[in-house]
Amino acid sequence: MNRDEILELAAGYALGALDTEDRARFEALLDAGDAEARAALRDFEATVRDVVAETAEVPAPAVKAALMARIDGESRSRAEVTQILSAPRAAAPRRSLWTIALVGAIAAGIAAIAVGLVVSTVYDRRIDQLGQQQVELQQELARQQELVAILQDPATRTVALAGLPAAPSARGRMLWHAKAGGLLVAQGLPPAPPGKAYEVWAISGKEAPVPAGVFTVDARGVGSIRVAPVAGGAEPDTFAVTLEPAGGVPAPTGSMYLVGKL
Amino acid sequence: MSSVSVPPSDVSAGLLARIAQGDREAFGRFYDAFAGLALGLIRRILRDPAAAEEVLQEVFWQIWREAARYDPRRGSPEAWLIVRAKTRAIDRLRAMRRREKTFVAPVDEAVASAPDLPAENPGVTAERRELAHAVLHGLPESQRRVVELAFFEGLTQSEIARRLGEPLGTVKTRARLGLERLRSMMKREGDIQP
């Protein structure tokens with residue numbers, strides 16, 4: 001290829017106006033490291049740049065801000081895309097255009113699928129978390145509403161429970177409604193030893209105590225339990241708390257910690 | 001003399017290499033160095049300021065996504081950017097023209113309602129446009145037509161030959177002579193206004 005031809009190709013290339021065949025020829029020269037082709041191109045490119053620079057305009061700051069925001073939104077998946085796209089190129093730099101195009105297309109496809117999977121997995125997990133949170137919040141809300149309803153009902157009574165010799169400073173309070181059941185809050189109880197828990201008893205006159213639930217206390221000695229109404233039996237007049245095996249037992253076996261009468 | 005200061009190619013190439021690794025800060029610097037250059041070119045092709053800034057954003061988004069494809073053997077980073085800006089702007093122009101042909105009332109509401117840029121200083125901008133205009137008009141008509149059709153209309157050399165009814169070889173020679181003449185004109189201008 002003579003010098004004139006190289007200069008013509010370089011000019012057309014710098015203007016972005018070469019036809020496909022000429023462009024391939026000139027790029028082959030560049031890729032082969034042809035010094036003359038490179039020098040000519042550098043020269044013409046600088047000229048084009050200088051002409052373009054004459055009309056340079058300052059863009060509105062919003063353009064850059066929008067781009068940066070878009071980048072931040074995409075940044076997590078970006079690293080993977082780059083990795084996947086660049087890996088095959090680094091391994092074999094000299095390939096035919098078709099191979100590069102094919103590898104590029106496959107890599108882009110893989111990258112798109114990978115990004116899609118990552119994104120969908122992340123979102124699936126997030127949706128699961130949010131669903132779980134919503135269920136918990138609904139349960140908590142239902143408990144609160146139930147408690148408020150019990151408190152508002154004139155038939156609700158309050159029972160104070162006093163500490164017994166096992167824990168003289170312990171105190172308890174039972175909000176009790178015959179049909180809705182009640183809520184027991186205890187404080188000042190020693191933490192239950194391993195394998196043990198506090199069990200609530202509803203007692204009606206001389207009848208055997210009815211188990212009404214098991215609870216533990218936190219480090220401050222505070223614990224609470226929602227107590228179901230006593231099914232079928234007579235209205236309880238006494239509530240008591242004993243220390244029992246963790247799963248609870250059908251009849252009291254351990255020391256009594258709290259007791260109170262309606 | 002250039003209206004913008006362009007960093008040396010190896011610095012820009014270094015920025016592109018970092019952008020390819022997802023370096024946000026490098027991208028910011030590359031944008032700051034070249035966005036003005038690209039926007040001027042895009043507006044030379046599109047004219048509509050709102051559409052031009054949209055295209056500018058698309059071009060730099062493409063840079064962000066495809067920086068790894070930049071091959072320094074095939075030209076400078078700014079040339080790589082300029083070609084992308086030109087191609088995108090011409091694509092948009094062609095799409096707008098197609099739409100104008102398709103619709104009876106070719107009023108693009110977005111374009112019509114878009115306020116003109118509260119540009120830096122309209123007087124200065126107009127002056128620069130005149131300057132670029134003057135530079136190109138310093139070329140003989142036959143060379144200027146080839147350069148303009150190639151650069152601002154996105155035609156290939158054989159398309160230009162058909163458009164002008166000239167042999168392909170003539171078009172190729174005029175493109176080269178045109179650029180050589182522009183080069184010496186820019187140098188002279190640089191000498192006068194260092």
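Chain A and chain B bury about 5,500 Å² between them, 59% of it on carbon and sulfur atoms; buried area is the accessible area (1.4 Å probe) that two parts lose on being put together, summed over both. The model is predicted: local features need pLDDT of at least 70, side-chain atom pairs count only at pLDDT 80 or more, and totals for chains, interfaces and linings use all residues. Residues are numbered from 1 along each chain as its sequence is written, chains are lettered from A and ligands numbered from 1 in the order in which they are written, and side-chain values use heavy atoms, with hydrogens and water left out.

**The interface**

In this interface, 48 residues of chain A are in contact with 63 residues of chain B, contact meaning heavy atoms within 4.5 Å. Between the two chains, 19 residue pairs are in polar contact, both residues being at pLDDT 80 or more. A polar contact is a pair of N or O atoms within 3.5 Å; within protein, one must be able to donate a hydrogen and the other to accept it, and residues adjacent in sequence count only if both atoms are side-chain atoms. On chain A, helix 1 (3-14), helix 2 (20-31), helix 3 (35-53) and helix 4 (61-91) each supply at least two residues of the side that touches chain B. Helices (H or I, at least four residues) are DSSP runs, numbered from the N terminus. That side of chain A has 23 nonpolar, five polar and 20 charged residues. Here Ala, Val, Leu, Ile, Met, Phe, Trp, Tyr, Cys and Pro count as nonpolar, Asp, Glu, Lys and Arg as charged, and the others, Gly among them, as polar.

**Salt bridges**

A salt bridge is a side-chain nitrogen of Lys or Arg within 4 Å of a carboxyl oxygen of Asp or Glu. Two examples follow.

| Salt bridge | N to O distance |
|---|---|
| A:Lys64 and B:Asp32 | 2.9 Å |
| B:Glu54 and B:Arg92 | 3.1 Å |

The second pair links distant parts of chain B, with B:Glu54 in helix 3 (residues 49-66) and B:Arg92 in helix 4 (residues 77-102), 38 residues apart.

**The cavity**

The structure holds one cavity of 30 Å³ or more. On a 1 Å grid over the protein atoms alone, a cavity is a set of points where a 1.4 Å probe fits but cannot get out, and lining residues have an atom within 4 Å of a point. Grid points are joined across faces, edges and corners, and a volume is the space filled by probe spheres set on the points. The largest cavity has a volume of about 130 Å³. Of its 16 lining residues, the closest to the centre are A:Val48, A:Val51, A:Val52, B:Phe151 and B:Phe152. Helix 3 of chain A gives the largest share of this lining, four residues. By class, the lining comprises twelve nonpolar, three polar and one charged residue.

Conventions
On a 1 Å grid over the protein atoms alone, a cavity is a set of points where a 1.4 Å probe fits but cannot get out, and a pocket is an open set with protein on both sides within 12 Å along at least five of seven lines; lining residues have an atom within 4 Å of a point.
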